[in-house]
Amino acid sequence: MGVRPGVTYTIGILCIIFLIASIALLVTNVFVDVVEKYIKKEVQLRNGTVAFQTWKNPPPPIYVQFYFFNVTNPEEVLNGGKPFVEEKGPYTYREYKPKENVMFLDDGQKVSAVTTKTYVFVPELSNGDPETDLIRTVNIPVVTVMNTVRYSSLQILLLKALLIIERAGIFTTRTVHELLWGYKDPVLSAIHFLEKDVDDYFGLYYKMNKTDDGEYVFLTGQKSYKNFTTIVEWRGNNSLDWWTTDACNMINGTDGTSFHPLITKNETLFFFSSDLCRSLYANFEQELSVKGIPVLRFVPPSEIFANFTVNPENAGFCVPAGNCLGSGLLNVSMCRQGAPIVLSSPHFYQADQKYIDDIEGMHPDKANHETFLDINSLTGLLVRAAKRVQINVYIEPIAGFDQTENVQTLVFPVMYLNESVLIDNASAAKLNSMLLQSKVVTVIPFMIMGLGILFGLIFVILVCTNRNEVNEASEAERTPLLKPS
């Protein structure tokens with residue numbers, strides 16, 4: 001017995017309705033727009049949003065690994081030989097960096113805050129004891145003072161006498177803890193006695209534990225989602241004054257810990273780093289998955305630290321003007337109280353080959369020495385990241401100082417750090433759940449289209465079935481009731 005024609009036609013009509021509706025929804029992106037509108041509304045810095053709580057107190061653990069380069073042939077270096085260094089570490093610290101003194105401004109369009117950083121040693125993730133492990137490295141206070149007095153004959157004589165009295169040279173041996181968090185330096189102490197502005201303590205991270213780097217003012221994303229956590233002021237200024245061009249002194253982007261939602265592959269992401277004394281940017285490299293979360297990997301391109309002959313925009317980072325280093329290096333002496341500090345990627349990754357060849361023990365490697373950002377494109381959430389920076393000292397012969405007369409001009413590696421973050425399991429589960437919900441919403445048009453196709457198939461089957469039954473009935477009607485005997 002066949003299906004009534006009315007039922008068949010109803011199924012056919014539903015097929016057409018579902019197909020038209022699904023095509024209309026796909027063309028107009030209604031459900032995609034619903035998801036994006038929700039994301040734009042929720043990813044703002046305002047009380048009550050998850051984005052604000054995550055920005056204020058990031059749940060994923062942050063670790064900083066410090067690696068030091070121990071000099072094994074100091075006498076040969078003083079006599080003009082090639083330095084041999086061996087890598088020591090990592091010395092791993094858990095980093096806590098909550099936003100404090102948070103205050104909303106301009107009717108919620110801006111928010112000010114400071115980021116207080118605290119470091120706690122994690123022995124189980126370390127290779128060595130910072131309290132007892134000794135490192136022989138460049139004596140940065142001595143080299144800095146040498147550079148400061150190099151143009152004054154009287155000051156050179158006084159410093160030479162002081163170095164003899166204190167038995168200080170261009171190399172020193174200190175514990176990792178002293179090099180990081182500070183020690184009372186005899187040369188600086190003598191200078192401090194006459195010049196109170198000169199601190200008698202020195203350390204690469206001296207006065208940087210349980211302290212902040214100044215107040216920031218951020219945009220909340222209220223006016224535009226693309227302005228989410230963009231920096232508009234740092235330490236009361238909207239630009240820097242260390243570099244020689246306005247472009248190089250610009251403070252661009254976020255602080256590198258958060259980004260706006262709905263990121264695309266063709267975007268350039270800007271961020272400011274007070275550690276590097278400048279703004280940077282990153283470009284898309286590849287798609288990846290981290291704990292089931294789809295991410296876009298962005299990396300700073302090599303031209304960021306390229307010599308001005310390769311990237312003319314970097315001419316402003318030559319300080320003093322015209323005094324340019326090779327590619328892969330950044331002279332930050334202007335923002336490090338005159339200390340001849342040069343920053344690079346670890347092991348001079350992406351730097352000119354000359355700097356790698358000058359030091360025995362350099363082994364640059366993309367996997368271990370590249371900075372990267374893995375970001376979920378829908379939410380803008382930083383899922384995994386690593387900031388890798390090396391601290392070097394510029395060494396050269398300085399007239400008047402016998403200790404330096406035979407040394408080569410070198411960019412001497414002291415240590416490098418790997419500051420990394422990986423989303424914790426609880427946050428990953430929440431993000432995966434949210435992404436699944438958004439995916440379900442956005443595939444509703446395809447589900448409707450699937451129903452339309454299903455009804456279409458049913459309609460075709462019913463039409464064919466009814467037609468066969470009609471044909472069989474017609475043949476039966478043509479057959480005579482009485483067959484001849």
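Predicted model: local features only at pLDDT ≥ 70, side-chain atom pairs only at ≥ 80, totals over all residues.

Residues are numbered from 1 along each chain as its sequence is written, and side-chain values use heavy atoms, with hydrogens and water left out.

**Entry 1. Disulfides**

I took a disulfide to be a pair of cysteine sulfur atoms within 2.5 Å. How many disulfides does this rule give? I counted two.

I looked up Cys277 and Cys335, whose sulfur atoms lie 2.0 Å apart in a disulfide. The torsion about their S-S bond is about 90°, so this disulfide is right-handed. For the position of the pair I used helices (H or I, at least four residues) and strands (E, at least two) as DSSP runs, numbered from the N terminus. Which parts of the chain does the pair of Cys277 and Cys335 tie together? Cys277 sits in the loop between β11 (268-273) and β12 (278-290), and Cys335 in the loop between β14 (329-331) and β15 (341-344), so the bond joins parts 58 residues apart in sequence. I found both Cys277 and Cys335 buried.

Next I examined Cys318 and Cys324, which also form a disulfide, with 2.0 Å between their sulfur atoms. The torsion about the S-S bond of Cys318 and Cys324 is about 110°, so I recorded this disulfide as right-handed.

With bonded cysteines counted along the chain, the pattern reads 1-4, 2-3. I then checked Cys248, which is in no disulfide; the nearest cysteine sulfur, that of Cys318, is 8.5 Å away. Cys248 has 4% relative accessibility and therefore counts as buried.

**Entry 2. Cavities**

I searched a 1 Å grid over the protein atoms alone, where a cavity is a set of points at which a 1.4 Å probe fits but cannot get out; lining residues have an atom within 4 Å of a point. Grid points are joined across faces, edges and corners, and a volume is the space filled by probe spheres set on the points. I recorded four cavities of 30 Å³ or more.

Which residues lie nearest its centre? Of the 17 residues that line this cavity, these are Asn314, Phe317, Cys318, Leu325 and Leu329. Strand β14 gives the largest share of the lining, three residues. For residue classes, I counted Ala, Val, Leu, Ile, Met, Phe, Trp, Tyr, Cys and Pro as nonpolar, Asp, Glu, Lys and Arg as charged, and the others, Gly among them, as polar. On that basis the lining of the largest cavity has 11 nonpolar residues, five polar and one charged.

The second largest cavity has a volume of about 70 Å³. Its lining includes Val64, Tyr119, Asp275, Lys387 and Glu419. I noted that β4 (110-121) and β18 (410-422) each supply at least two residues of that lining. The lining of the second largest cavity divides into five nonpolar and five charged residues, with no polar ones.

**Entry 3. Salt bridges**

Side chains of opposite charge can pair when their charged atoms come close. I required a side-chain nitrogen of Lys or Arg within 4 Å of a carboxyl oxygen of Asp or Glu. The structure holds 17 salt bridges.

I looked up Asp255 and Lys99, which form a salt bridge with their closest N and O atoms 3.5 Å apart. This pair links distant parts of the chain, 156 residues apart: Asp255 is in the loop between β10 (231-234) and β11, and Lys99 in strand β3 (residues 99-105). Are these two residues buried or exposed? I found both Asp255 and Lys99 buried.

Lys110 and Asp106 form another salt bridge, with 3.5 Å between the closest N and O atoms. Lys110 is partly exposed at 26% relative accessibility, and Asp106 is partly exposed with a relative accessible area of 45%.

The side chains of Asp199 and Lys207 meet in a salt bridge at 3.1 Å, N to O. Here Asp199 is partly exposed at 29%, but Lys207, at 55%, counts as exposed.

Finally, I traced a network of salt bridges that links Lys97, Asp275, Lys387 and Glu419. Asp275, Lys387 and Glu419 are also among the residues lining the second largest cavity.

Conventions
Buried < 20%, exposed > 50% of the residue type's maximum accessible area, 1.4 Å probe, protein only. 1 Å grid on protein atoms, 1.4 Å probe; cavity = no way out; pocket = protein on both sides within 12 Å on 5 of 7 lines; lining within 4 Å.
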